Amino acid sequence: MLLAVGGGISAYKSAELCRELVRRGAIVSCAMTRAAQSFVAPLTFQALSGRRVATSLMDASEEAEIGHIRLADENDLCIVAPATANLIARIAAGMGDDVVTTVLLATRARTLLAPAMNVNMWRNPIVQANLRRLLEDGRFETIGPGVGDLACGWVGEGRMAEPLEIVEAAQRCLRRDLEGRAVVVTAGPTVEDIDPVRFLGNRSSGRMGYAVAQAAARRGAKVTLISGPTSLATPPGAERTDVRGALEMRDQLARAAASADVVVMAAAVADYRPASPSPSKLKRDVGTTQLDLVPNPDILAELGARRDGGRLPVLVGFAVETEDLEANARQKLEKKKVDLVVANRAEVGFGGAENEALLVSREGVQALARMSKDDLADRILDRVCELLSAGGSATPPRAPPP
Ligand SMILES: Cc1cc2nc3c(=O)[nH]c(=O)nc-3n(C[C@H](O)[C@H](O)[C@H](O)COP(=O)(O)O)c2cc1C
């Protein structure tokens, strides 16, 4: 793997990171920005990695065999630590003005950024916009920064993640435990048309389902994402089908689920739809009016019921509740015959970038702390992998009729 070191005070922690990676058996090549070399000497990284350190793009001997392309091609993961504000900006701008940015521009490997900077730099909307741009690319991930005393004297967000945390995040990036598995994810709201311009919808942003789709693809799965209307970009590696209403989602899901190993139902499917949508725009001048609604099919329960006998995909449902979270989740688990229910409160999960959930399965309840939806997606998939290795669905097929 490649360890790219930026010019921040926490570059000294990257020496420890390099040591830790090598200790765990990784082959580590290091590259340093010019500013990084003012904080720690390349010799330190050379001694720790046992390999020559790339310090300059315009070095005749380093580039005798186009070293920057070799570095870009031969590494399965790039770690940028510390990822300075300046380095994040240069990567986001697509620059290749030194050996670090040029390698990162040329590589197709996943790249883990460990940002480290002053709290006000970190909160600067320009820094955040640059980071968002990289995360939208799908090849980049971040670890940290943490909160605490900063070298600049401020206290707050901006501390580079500790070397062991970065090692763990690197291991997560390299995991391929869903290789060869077909994973179907539904995401976003469904919208039910009232007339050609109005609809009934809900506040789901789609972020949780998209995070699951992205994590599953990163972990090697063949991912089909069935999405209600959202403003989100398709996660890299996922094949996306767009739908509007619950009936359309049900059709697409039935098709995709037939060959799936795992189905994750993260979509917020509308419970009701207008009984007879108007083909033309409804006018206001009718005065007080009424909208007749009919219940939508319970897509999750239908899938659960269909699993009796035959091929059993692992089935994950979501429960968004305002009260009695655990009791409602347990009820859903049994009633809808799913293997895992991810239960969260409506006021926490909807719309934001974070979530706080209970993972409820027949084996028990796991209460997770509040975390990013990306992290939660990985935790859900960890449980899915356990269910898969336990032999697929935890719901036993129904006994044949006597
Ligand atoms: C003592 C000192 C500490 C610095 N620490 C940081 C830091 O932690 N994070 C950061 O983004 N920039 C920091 N900077 C500013 C960067 O060194 C500067 O933006 C530099 O151009 C970064 O270059 P690079 O991103 O190419 O490595 C620091 C500068 C100095 C002089």
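Student: How close do the axes of helix 1 (residues 11–23) and helix 9 (residues 163–174) come, and at what angle do they cross?

Tutor: The two axes approach within 9 Å, and they cross at roughly 50°. Axes here are lines fitted to C-alpha atoms, for helices over the stretch in contact, with angles from 0 to 180 degrees between N-to-C directions. The model is a predicted one, in which local features need pLDDT of at least 70 and side-chain atom pairs count only at pLDDT 80 or more, while totals for chains, interfaces and linings use all residues. Residues are numbered from 1 along each chain as its sequence is written.

Student: Why are helix 1 and helix 9 called oblique?

Tutor: Angles under 35 degrees count as roughly parallel, over 145 as roughly antiparallel, 65 to 115 as roughly perpendicular, and the rest as oblique. The crossing is at roughly 50°, so helix 1 and helix 9 are oblique to each other.

Student: Which residues of helix 1 and helix 9 meet?

Tutor: Lys-13, Glu-16, Leu-17, Glu-20 and Leu-21 of helix 1 meet Pro-163, Leu-164, Ile-166 and Val-167 of helix 9. Two residues are in contact if their C-beta atoms, placed from the backbone, lie within 7 Å. Six of these contact residues are nonpolar, none is polar and three are charged. In this count Ala, Val, Leu, Ile, Met, Phe, Trp, Tyr, Cys and Pro are nonpolar, Asp, Glu, Lys and Arg are charged, and the others, Gly among them, are polar.

Student: What makes helix 10 oblique to helix 15 (residues 373–389)?

Tutor: The axes of helix 10 and helix 15 come within 8 Å and cross at roughly 60°. That angle makes helix 10 oblique to helix 15. Helix 10 contributes Arg-207, Met-208, Ala-211, Val-212, Ala-215 and Ala-216 to the contact, and helix 15 contributes Lys-373, Asp-374, Ala-377, Asp-378, Ile-380 and Leu-381. The contact residues divide into eight nonpolar, no polar and four charged.

Student: Which residues have the most contacts inside the largest nonpolar core?

Tutor: They are Val-183, Val-185, Val-212, Ala-213, Ala-216, Val-263 and Val-316, in a core of 60 residues. Helix 10 (residues 207–218) gives the largest share of this core, eight residues. A second, separate core has 50 residues, including Val-53, Ile-88, Ile-91 and Leu-104. A nonpolar core is a set of buried Ala, Val, Leu, Ile, Met, Phe, Trp, Tyr and Cys residues joined through C-beta atoms within 7 Å.

Student: Why does Arg-244 count as partly exposed?

Tutor: A residue is buried if 20 or more other C-beta atoms lie within 10 Å of its own, exposed if 12 or fewer, and partly exposed in between. Arg-244 has 16 C-beta neighbours inside 10 Å, so Arg-244 counts as partly exposed. Arg-244 sits in the loop between strand 12 (238–242) and helix 11 (246–257). Leaving out residues up to four places away in sequence, Arg-244 touches Thr-190, Val-191, Gly-228 and Pro-229.

Student: Which residues of helix 5 (residues 85–92) are buried?

Tutor: Ala-85, Leu-87, Ile-88, Arg-90 and Ile-91 are buried. Their cover includes strand 3 (77–83), helix 6 (99–106), strand 4 (110–115), helix 7 (119–123) and helix 8 (125–137). Just after helix 5, Gly-94 has a positive phi of about 75°.

Student: How many helices and strands does the chain have?

Tutor: The chain has 15 helices and 21 strands. Helices (H or I, at least four residues) and strands (E, at least two) are DSSP runs, numbered from the N terminus. Of the 402 residues in the chain, 44% are buried.
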